[in-house]
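Biologist: I want to learn how to read a model like this one. Please take me through it feature by feature.

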Amino acid sequence: MDLAFTPDELKFRDEIRAWVKDALPKALSDKVHKAQRLTRDDMQTWAKILGKKGWLGYGWPAQFGGPGWTAVQKHLFEEELAMAGAPRIVPFGPVMVAPVIMAYGSKAQQERFLPGIASGEVWWSQGYSEPGSGSDLASVRTKAERQGDKYIVNGQKTWTTLGQYGEWMFNLVRTSNEGKPQTGISFLLIDMKSPGVSVRPIKLLDGECEVNDVFFDNVEVPVENLIGEENKGWTYAKHLLSHERTNIADVNRAKRELERLKRIAKAEGVYDDMRFRDQIALLEVDIVALEMMVLRVLSMEKSGKNPLDIAGLLKIKGSEIQQRYSELMMLAAGPYSLPYIHEAMDAGWQGDQAAAAGLQGFPGGDVANATLAPTYFNYRKTTIYGGSNEVQRNIVAQTVLG
């Protein structure tokens with residue numbers, strides 16, 4: 001196993017870094033480095049820039065219009081985007097459903113859906129979780145009943161991330177109640193503009209409506225939108241989840257946020273506190289260890305091995321690291337991170353809003369502190385979504401440890 005980058009890989013990284021420096025709008029990178037709210041237009045702007053370059057589907061093989069990069073090149077690309085402050089690529093289209101369409105979709109489906117994903121023009125949402133069917137995903141109850149050349153879909157999905165922006169949605173639906181729960185699930189693509197589809201935002205602890213309930217009331221879906229075979233959707237779902245959980249590890253964003261943590265600690269005068277430095281050091285060691293695990297996965301891929309059975313390990317460690325750096329940032333800023341006002345996500349620091357609300361007594365807070373509280377609250381989710389860490393530990397015990 002060789003974890004060192006080759007001269008060609010280092011040259012590739014330099015080329016990516018130069019391109020991102022020229023292509024990434026400074027207003028976007030400033031927002032990302034300060035963890036301010038990104039609008040739909042912000043995310044779509046960057047997606048379309050990448051799409052025009054042919055890099056939104058950066059993990060795609062050349063036969064489907066992707067760059068055909070190696071696993072190491074993909075890792076270096078992700079790292080350069082993260083460290084430059086690029087908005088995170090919304091994964092539902094290019095990272096999650098696209099590989100399923102490539103692997104199991106018909107040629108007509110590939111020609112119909114992949115171009116819009118690759119260009120960044122079409123926003124996709126994920127329809128997996130339901131009330132009572134989160135980690136126990138096999139118990140989904142949203143029903144799709146076939147009537148001639150269409151399915152009639154009824155039910156509810158929940159925790160649909162950024163579903164308020166969705167144009168298309170890939171869904172796990174129940175098409176049979178016979179046999180084991182997993183055997184009656186199908187993978188269906190639904191146009192979110194269809195009559196009977198309604199979206200209800202859910203406000204989270206950070207004040208944002210990042211997730212949504214999605215309801216289906218007698219929604220008609222053409223049979224041609226079924227991926228693969230009926231009642232085989234569980235196989236396709238597992239294929240997708242392996243990509244999702246690897247993506248959730250997000251080691252490159254962790255490296256960027258570690259540097260942000262250090263900047264905040266220095267600005268707030270706690271960087272010289274050895275006790276606090278110990279906590280930063282422990283976090284940095286874990287991030288390096290996570291990166292080494294990711295590089296081991298990439299090394300296995302280069303040698304033709306399938307490393308996806310340890311995707312759960314990446315998810316567990318990556319999500320816990322996200323919670324730790326958000327907590328340490330809060331601790332570094334102390335009381336300056338607490339008087340959170342929703343508008344501060346756009347305005348920078350709470351100054352004008354705090355005065356208008358009569359909140360005196362928190363002068364001098366740095367602009368970097370404005371978003372610390374909402375980020376901390378939001379990241380309570382990371383050990384739950386994508387399969388809770390408790391469930392992931394059981395899977396790892398069964399599939400990796402034996």
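Biologist: Where does glutamate 15 lie?
Modeller: Helices (H or I, at least four residues) and strands (E, at least two) are DSSP runs, numbered from the N terminus. Glutamate 15 lies in helix α1, residues 7–23. Keep in mind that this is a predicted model: local features need pLDDT of at least 70, side-chain atom pairs count only at pLDDT 80 or more, and totals for chains, interfaces and linings use all residues. Residues are numbered from 1 along each chain as its sequence is written, and side-chain values use heavy atoms, with hydrogens and water left out.

Biologist: How do I read serine 29?
Modeller: Start with its place: helix α2, residues 26–33. Serine 29 is buried, because its relative accessible area is 10%. Next come contacts, meaning heavy atoms within 4.5 Å. Not counting residues up to four places away in sequence, serine 29 touches Leu24, Ala84 and Gly85. A polar atom of its side chain lies 3.0 Å from the backbone oxygen of lysine 26.

Biologist: What does asparagine 252 touch?
Modeller: Leave out residues up to four places away in sequence, and the list is His75, Glu78, Glu79, Ala82 and Met83. Asparagine 252 is found in helix α8, residues 251–267. Its relative accessible area is 4%, so asparagine 252 is buried.

Biologist: And alanine 98?
Modeller: Alanine 98 lies in helix α5. With a relative accessible area of 0%, alanine 98 is buried. Beyond neighbours within four places in sequence, it is in contact with Trp60, Gly93, Leu114 and Ile117. Take isoleucine 117: it is 19 residues from alanine 98 in sequence, and the C-alpha atoms are 7.5 Å apart.

Biologist: How many cavities are there of 30 Å³ or more?
Modeller: Rolling a probe the size of a water molecule over the atoms shows where empty space is left. On a 1 Å grid over the protein atoms alone, a cavity is a set of points where a 1.4 Å probe fits but cannot get out; lining residues have an atom within 4 Å of a point. Grid points are joined across faces, edges and corners, and a volume is the space filled by probe spheres set on the points. The whole structure has 2 cavities of 30 Å³ or more.

Biologist: How far can I trust the model?
Modeller: Check pLDDT, the predictor's confidence in each residue, from 0 to 100. The chain averages 88, and 88% of the residues score at least 70. Over residues 348–364, pLDDT stays under 50; there the model has 27 contacts beyond four places in sequence.

Biologist: What about the whole chain?
Modeller: The protein chain has 14 helices and 8 strands. Of its 402 residues, 50% are buried. Among contacts between residues at least 6 apart in sequence, 73% join residues at least 24 apart.

Note on methods
Buried means under 20% relative accessible area, exposed over 50%, partly exposed in between (1.4 Å probe, protein chains only). A polar contact is a pair of N or O atoms within 3.5 Å; within protein, one must be able to donate a hydrogen and the other to accept it, and residues adjacent in sequence count only if both atoms are side-chain atoms. On a 1 Å grid over the protein atoms alone, a cavity is a set of points where a 1.4 Å probe fits but cannot get out, and a pocket is an open set with protein on both sides within 12 Å along at least five of seven lines; lining residues have an atom within 4 Å of a point.
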